[in-house]
Every structure is written in structure tokens, then in C-alpha cells.
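Thanks for coming. I will go through one structure, chain by chain, and then look at a few residues. Please have the sequence and the model open.

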Amino acid sequence: MNLQLAPLAADVPWPPSVGEFFPPGIGGSVWVTKFSVMVWIAVAVIIVFFLVTQRNPKIVPTKAQWLGESVYGFVRNGITKEVIGHEGIRFAPYLTTLFVFISFVNLFAIIPGFQISPSSHIAFPAVLALLSFFLYWYQGAKKHGFGNYIKTSILLPAPWWVQPILLPIELAQILLIRPVTLAVRLFANLFAGHLILLVFTLGGFVLLGTGNIGLAAVGLISWGMAVVMTLFEAGVALLQAYVFVLLSASYIQSSLADEH
Amino acid sequence: MAGENSTPKRPQSGADMGWTALGYLLAGIGVWGLIGWLVDRWLDVPMHFGVLVGMLIGMAGAVYLIVKRMGT
């Protein structure tokens with residue numbers, strides 16, 4: 001379709017492409033991009049947040065202390081204790097950090113001025129998934145011994161002739177499927193979310209720019225949808241952080257379990 | 001079984017079980033589909049018959065695992 005674009009829409013990059021997710025380096029560097037800066041900001045803010053809220057703990061918590069404690073308490077009691085049990089409390093700090101970091105980084109997708117999340121670049125979720133992956137392997141190997149761990153997590157009480165069918169499935173499950181789905185689930189949700197926001201927002205500009213009254217009205221609806229999807233994205237951002245942490249906890253639990 | 005002492009098997013949450021089941025199905029169909037495909041290549045089986053059989057075996061294995069692991 002050959003749309004006559006008015007000046008309003010002339011410089012809108014339409015249609016949105018995958019290039020959006022590969023921002024150029026800052027200051028001529030290949031290594032420092034918008035994403036790395038966002039991750040640094042997230043790390044700094046999280047460190048400051050917990051330092052400020054937990055610096056001077058009181059028996060009767062102040063408001064700030066209550067905020068910090070309720071975030072930690074949520075992951076400690078709501079996820080760690082629930083999934084791993086009492087033995088799992090020592091993982092609560094790791095899981096809380098993971099939860100806070102992923103939530104924050106995800107929320108960059110809707111914070112004005114940033115509006116794209118590092119999680120929508122596969123490298124960031126992949127590194128986080130590898131962390132959890134090594135953690136549950138290490139914990140399993142430490143508790144059961146390496147060979148024993150593989151044996152308990154792969155072998156099932158099943159008739160011997162079923163074992164050859166199940167073995168490759170279990171192996172693929174703990175070696176490949178778990179870390180890959182962990183990373184891809186987070187990445188794909190944020191990637192798709194950003195594309196949806198782009199399509200509705202930029203699409204609104206393009207439709208308004210056509211100068212056709214009917215299409216302009218659709219453009220306004222498109223912007224309305226952009227607002228709705230932004231709220232939806234906020235939910236997705238927190239939900240995905242929760243799911244990531246929940247699954248990490250559940251993998252650690254299955255590594256520690258004596259048998260399945 | 002008998003070895004359960006320090007970490008009892010806990011009831012899993014709904015979403016958790018869902019993801020586990022999905023993972024098994026993906027792993028089963030994927031891995032056995034791949035093995036079937038390799039057999040296809042190796043023996044020149046016509047019409048991707050190996051992939052078909054492989055995926056069915058994988059699916060059956062995955063369902064078996066899900067029932068064994070998560071069935072009460």
C-alpha cells in the first residue's frame with residue numbers, strides 16, 4: 001500500500017524491525033550500549049535501595065525498612081520456603097537478588113526515556129539462566145556427589161526396557177531444556193512486549209499521518225491500545241521475574257531432593 | 001521410596017507442574033524426533049518415517065515420565 005505520509009510521520013521508523021533490539025554503542029564503543037548502561041543503573045539502584053532500607057534495622061521497622069523487608073520476605077517465605085523448604089533458606093538471598101534485578105530490568109520496558117528492556121536481548125536472560133543452571137548442578141553435585149547426582153536425577157524406578165527411552169529425555173531436560181526455556185521465556189516475553197508497544201505507538205503516528213479522517217481515528221484507538229498494553233507490560237514484567245525465580249527455586253529443589 | 005529422609009517430596013504449585021510437564025513433552029518429542037531423523041538420514045528411510053516414529057516414541061516416553069513423576 002502506498003501511503004502518503006505527512007511530515008508528522010515522515011521520520012517515524014516504520015515498520016519496526018529487529019534492529020530496534022541492537023542499539024548502537026555509546027561513544028564509539030562496541031561494548032557499552034544503552035542496555036549495559038541500564039543494567040548498571042539497575043545494579044546501582046538495587047544496591048542503594050537495600051543499603052538504605054537495611055542499614056540501620058530497628059525492631060519496629062521504619063517505612064523504608066518495611067519496604068525492603070517485605071520484598072525479601074516475599075521471596076523468602078513466598079517462594080523459597082514454599083518450593084525448597086526449610087533447607088532452602090540459604091538460597092533466599094540469591095533468589096531475592098534475582099527477583100529484584102529481573103523485575104527492575106524488565107520494568108525498563110515501560111519506564112519513559114528507556115522504554116526497552118535489556119531482557120529483550122537474549123544475552124541478558126541467557127546469562128541469568130546460566131547462573132541458575134550452574135547453581136542447581138553445583139548444589140546437586142555437592143549434596144549427592146557428581147555421579148550419584150546424575151544417577152538420581154536421571155534414573156527412574158521404571159522397567160529396564162523403558163529406561164533407554166526415558167534416558168535421553170531426562171538428559172535433554174536437565175542439560176538443555178531447563179536453561180534454554182528459562183532464558184527464552186523471559187527473552188521472548190519482553191521482546192514481544194516491546195514489539196507490541198512499538199507497533200501500536202508508531203502505528204498511531206503513521207495512521208494519523210495519512211491525513212485520512214477514518215484512518216486517523218483508528219490511529220487514536222491505536223494509541224489507546226498502546227496505553228493499555230503499557231499497563232499490561234507492567235504486569236508481564238513482574239510476572240516473568242516471578243516465574244523465573246519460581247522455576248529456579250524448583251530446579252534447585254529437584255537437585256536437592258533425595259529421589260524423585 | 002525408602003530414601004526420603006531430609007528433603008521430602010513437596011507438593012508442587014500449579015504453574016510449576018505445568019512448566020515441568022511442558023518441558024518433558026518438548027524434550028521427549030524433540031530428542032526422539034532428532035534420533036528418528038538421524039536414523040532416517042542413516043538408513044535412507046522414505047517419507048520421514050523415522051521422525052514420525054521417533055516423535056511418537058518421545059511423546060509416549062514424556063507422558064510416561066509425567067505420570068511417574070507427578071502422578072500421585
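Let me begin with the secondary structure of chain B, which consists of two helices and zero strands. Helices here are DSSP runs of H or I with at least four residues, strands are runs of E with at least two, and both are numbered from the N terminus. Please note that this is a predicted model, where local features need pLDDT of at least 70, side-chain atom pairs count only at pLDDT 80 or more, and totals for chains, interfaces and linings use all residues. Residues are numbered from 1 along each chain as its sequence is written, while chains are lettered from A and ligands numbered from 1 in the order in which they are written.

Chain B has 72 residues, and 25% of them count as buried. A residue is buried if 20 or more other C-beta atoms lie within 10 Å of its own, exposed if 12 or fewer, and partly exposed in between, with C-beta atoms placed from the backbone. Among chain B contacts between residues at least 6 apart in sequence, 55% join residues at least 24 apart. Two residues are in contact if their C-beta atoms, placed from the backbone, lie within 7 Å.

One residue to look at is B:Met70, in helix α2 (residues 49-70) of chain B. Is B:Met70 buried or partly exposed? B:Met70 is partly exposed, because 14 other C-beta atoms lie within 10 Å. Setting aside neighbours within four places in sequence, B:Met70 contacts B:Met17, B:Thr20 and B:Ala21. From B:Met70 to B:Ala21 is 49 residues in sequence, but 8.6 Å in space, C-alpha to C-alpha.

Now chain A. Chain A has eight helices and zero strands. Its radius of gyration is 23 Å, well over the 18 Å that the globule rule gives for 260 residues, so chain A is more spread out than a compact globule. That radius is taken over C-alpha atoms, and the rule is 2.2 Å times the number of residues to the power 0.38. The C-alpha trace of chain A spans about 70 × 60 × 40 Å along its principal axes. Of the 260 residues in chain A, 34% are buried.

Next, the cores. A nonpolar core is a set of buried Ala, Val, Leu, Ile, Met, Phe, Trp, Tyr and Cys residues joined through C-beta atoms within 7 Å. The largest one has 43 residues, and those with the most contacts inside it include A:Leu95, A:Phe99 and A:Phe244. Which helix gives the largest share of this core? That is α8(A), with ten residues. A second, separate core of eleven residues includes A:Leu166 and A:Ile169 along with B:Met55 and B:Leu65.

A:Phe99 touches A:Val75, A:Ala241 and A:Val245, leaving out residues up to four places away in sequence. A:Val75 in α3(A) and A:Val245 in α8(A) are also among the residues where those two helices meet. The contact between α3(A) and α8(A) divides into six nonpolar, three polar and no charged residues. Here Ala, Val, Leu, Ile, Met, Phe, Trp, Tyr, Cys and Pro count as nonpolar, Asp, Glu, Lys and Arg as charged, and the others, Gly among them, as polar.

Last, A:Leu207 lies in helix α7 of chain A. A:Leu207 is buried, because 21 other C-beta atoms lie within 10 Å.
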